[in-house]
Amino acid sequence: MIKKTLQYKITEKDQGKTVEQFLRSKGYSHRLVVKLRNSPTGLTIGGELAFTIHRLQAGEILIATLEEENSQNIVPVELPLNIVYEDEDILVVNKDAGVPIHPSQGHFDHTLANAVAWYYQSKGQTLVYRAINRLDRDTTGLLIIAKHALSASILSKQMKAREIRRTYLAVCKGQLPTEVGIINAPIARKADSAIERCVDFSNGESAVTHYRVRYYQDGYSLVELHLETGRTHQIRIHMQYLGNPLPGDYLYCPDYSKISRTALHSYRLAFCHPITGNPMDFYAPLPTDMTAFFQ
C-alpha cells in the first residue's frame, strides 16, 4: 500500500473556497479529488470526514490522504539504476542507453520500470510506476518519476503546459547551417509505417525545435536542443530534415561506425517541485560514447 498524507492549514486567502476548489488550486486533478472524496479517510478536518462541498474557514486544517495499491504487473529486476535525486515525492534518474521506459512485447524484464520496481521493493515499498517525461530506448539521460498520484497530476500538467524545460545534447553529422537556429517543421507519421515519422507541411502537427551548436570537430557537431513541442522522434526528424542526422539512429541514419545507438542525451531538466513549488534543476554529463566523437 502506498500512502501519502498532505496537511494544509487554511488561511484567510482561501477562506470560503470549497474543499474541491482548494484542492484543484493545489494541482489535484478532478479524478484525484473524486478518488479522495470516495475514500473513507481521504479528506478530513479535525478528524472528521470532510465533504468536497464544505466551505473552508481560516484556521482549519485539511488533511488529504492518498492511498494506492500496487496495481501494476511490473516484475522487480535487479538492474543498474542511476539515481540523481530522490525525495518522498519524486525520483530523478539518469537512464542508460538501450533501456526502454516501460515493459512491452519482448521487453518484460529489462526496462527502467523493472529497475525502479526492484529499488522500491528493496526499500520495502510498493510501486505505481509513473514516468513523467518519455525517452526513446536508445536515448540516455534525465527522466522524472512521480512517487504518488498528486506529484504525477501536477507534473503532468507542467508537461502539457511546457513548464518542464528539457535540454538535449545530440551529436549530428556535418556542420549546421547556422550556429543558432529554430526549426519550425510539422511532423506526421510516414505513409505505410507504424513507427517512422517525417516532416510533412500538409498533414503534420506543429513541431518547433531550438538549437545551438556547442562544438564542431572532424565532421561532427555537438548540438544543444530545446523542445518547444514534444512530437514523436522530433529531434531525430528535425536534424535529418536540416541535413544533419544523428549517427547510430536505426531509423533515420543507420551509421554505426562510431556509435551503436542514437547519439542523443537528455542533458538537463528544470521544473518546479510538484509539492513544494521550489525550482529544481538537474544536469547529467554527456555519456562516453558521445564524448568519444570529440576526443
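Predicted model: local features only at pLDDT ≥ 70, side-chain atom pairs only at ≥ 80, totals over all residues.
## Strand S13

Strand S13 spans residues 220-227. The strand is mostly covered, with eight of its eight residues buried.

On one side, Tyr220, Leu222, Glu224 and His226 are buried.

S13 pairs with two strands described here. Strand S8, residues 165-173, runs antiparallel to S13 over seven bridges. Strand S12, residues 208-217, also pairs with S13 in the antiparallel sense, over eight bridges.

Ala170 stands opposite Val223 of S13. Val213 has Val223 in S13 as its bridge partner.

## The S12-S13 hairpin

S12 and S13 form a hairpin with two residues between the strands. Asp218 in this hairpin takes a positive phi near 50°.

## Ala149 in helix H4

Ala149 is found in helix H4, which covers residues 149-160. Ala149 counts as buried because its relative accessible area is 14%, and the cut-off for buried is under 20%.

Leaving aside residues up to four places away in sequence, Ala149 touches Leu32, Glu68 and Arg130. Ser29 lies 120 residues from Ala149 in sequence. In space, the C-alpha to C-alpha distance between Ala149 and Ser29 is 9.3 Å.

Conventions
Residues numbered from 1 in each chain as written. Heavy atoms only, no water. Buried < 20%, exposed > 50% of the residue type's maximum accessible area, 1.4 Å probe, protein only. Helix = DSSP H or I, 4+ residues; strand = E, 2+ residues; numbered from the N terminus. Pairing = 2+ DSSP bridges. Contact = heavy atoms within 4.5 Å.
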